[in-house]
Every structure is written in structure tokens, then in C-alpha cells.
Amino acid sequence: MILDSVNFGGGKQVPITPKISRPYTASGTFVAPANGWVTTMQMGGGGGGGRSGTSGTATGGSSAAWAGKLWRVTAGQVLTITVGAGGAYGAFDGAAGGNGGATTITDGVVTVTAPGGLGGVASAVAAARTSPNGGAAPTNADIGAAGSKG
């Protein structure tokens with residue numbers, strides 16, 4: 001997330017130099033140090049796990065959705081971030097991979113969600129071994145996209 005400007009009242013925006021940038025690889029919180037705008041970009045859910053197979057026909061999991069949002073915040077406001085985990089691989093021959101977890105950010109009123117990717121497909125029929133579709137489209141985002149096929 002990037003805090004890129006502070007509002008000192010009267011609608012006047014003063015840029016922060018340098019910008020505050022905080023990557024999150026685990027769940028946590030962000031406390032706004034001042035009134036301003038927080039930009040969350042490339043918030044992605046966890047990718048889907050690959051399917052297990054010894055016959056060389058395993059499919060990969062799909063990618064997760066991504067989302068971005070511009071939040072207006074006040075000093076001390078908390079945004080809660082939940083980082084979605086990647087899906088587990090198929091643990092034995094023919095086992096499907098697990099779905100990735102959703103990544104969410106909430107201010108307690110609005111929750112932006114980037115769904116995780118789908119796990120790799122398990123099937124005894126070769127023609128049915130197609131990669132899963134990507135994670136569903138994000139919700140409550142200003143910008144974003146669904147994930148891609150595995």
C-alpha cells in the first residue's frame with residue numbers, strides 16, 4: 001500500500017515525500033499516520049495448487065484475481081489486511097490441487113476481495129485434464145481483473 005498525499009483541510013492535498021510504501025506478505029493492519037489517500041494496488045489472492053500426477057499429465061493451478069482501490073483515510077484509521085495463502089499441491093497421484101485463499105482489505109465498512117486461484121484438475125480421463133479457469137473477479141475494487149487459466 002502507498003500513502004501518497006495528506007489532506008490538511010480545505011481540500012488541499014500536500015504530497016508526501018518520500019511516499020510511504022508497505023508490502024504485505026502476511027496478514028496484518030495498516031494504521032494511517034495522517035489524513036490522506038491510501039492506494040492499494042496489485043492485491044492478489046493466493047494461486048491455486050497444481051494437480052499431482054506421475055503420468056506427466058498434471059495440470060497447474062490458476063492464478064488469483066488482483067484488485068486495486070483508492071481509500072480516503074483519516075489519521076489513526078485502521079485498514080485490516082488478510083493475505084490469502086497459495087493452494088496446496090495435490091498430495092498423491094491423481095489428487096486435485098487446493099484452491100488459493102482470498103486476499104481482503106477492509107476499513108470496517110467496505111471490504112475489497114481478490115479471490116484465490118483454483119486448484120489443478122484431477123481426472124482419470126485425459127480429455128478432462130484441462131487447466132481450471134482463473135480466480136473470480138474481485139469485489140468492491142476500483143480496478144482489477146479475474147485470474148487466468150492454469
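**Figure 1. The salt bridge between Asp 142 and Lys 69.** A search of the whole structure, which is a predicted model, finds one salt bridge. Its partners are the side chains of Asp 142 and Lys 69, which meet at 3.5 Å, N to O. Side chains of opposite charge can pair when their charged atoms come close. Lys 69 has a relative accessible area of 16%, so this residue counts as buried.

**Figure 2. The whole chain.** The protein has nine strands and zero helices. Read from the N terminus, its elements run β-β-β-β-β-β-β-β-β. Of its 150 residues, 37% count as buried. The accessible surface comes to about 7,600 Å², and carbon and sulfur atoms account for 58% of this area. Among contacts between residues at least 6 apart in sequence, 66% join residues at least 24 apart.

**Figure 3. The largest nonpolar core.** This core is made up of 12 residues: Phe 30, Ala 32, Val 38, Ala 65, Ala 67, Trp 71, Val 73, Leu 79, Ile 81, Ile 105, Val 112 and Ala 114. Strands S5 (66–73), S6 (78–82) and S8 (111–114) each supply at least two of the core residues. The largest share, three residues, comes from S5. In soluble globular proteins, nonpolar side chains tend to be buried together.

Figure 4. Side chains alternate along S6. Strand S3 (residues 28–31) runs antiparallel to S6 and is joined to it by four bridges. Gly 28 stands opposite Ile 81 of S6. S6 also pairs with S7 in the antiparallel sense, over three bridges. Thr 82 has Thr 104 in S7 as its bridge partner.

**Figure 5. The surroundings of Thr 106.** Thr 106 is found in strand S7, which covers residues 103–106. Its side chain reaches the backbone oxygen of Val 110 at 3.0 Å. The side chain of Thr 106 also makes a polar contact with the side chain of Thr 111, at 3.0 Å. Leaving aside neighbours within four places in sequence, Thr 106 is in contact with Trp 71, Val 78, Leu 79, Thr 80 and Thr 111.

**Figure 6. Gly 45 in a loop.** Gly 45 is found in the loop between strand S4 (36–44) and S5. Its relative accessible area is 16%, so Gly 45 counts as buried. Not counting residues up to four places away in sequence, Gly 45 touches Ala 64, Ala 65, Gly 101, Thr 103, Ala 114, Pro 115 and Gly 116. Gly 45 and Ala 114 are 69 residues apart in sequence, and their C-alpha atoms are 5.2 Å apart in space.

Notes
Residues numbered from 1 in each chain as written. Predicted model: local features only at pLDDT ≥ 70, side-chain atom pairs only at ≥ 80, totals over all residues. Heavy atoms only, no water. Polar contact = N/O pair within 3.5 Å; in protein donor to acceptor, adjacent residues only side chain to side chain. Contact = heavy atoms within 4.5 Å. Core = buried A, V, L, I, M, F, W, Y, C linked by side-chain atoms within 4.5 Å. Buried < 20%, exposed > 50% of the residue type's maximum accessible area, 1.4 Å probe, protein only. Areas by Shrake-Rupley, 256 points an atom, 1.4 Å probe, with all protein chains shown as cover. Salt bridge = Lys/Arg side-chain N within 4 Å of Asp/Glu carboxyl O. Pairing = 2+ DSSP bridges.
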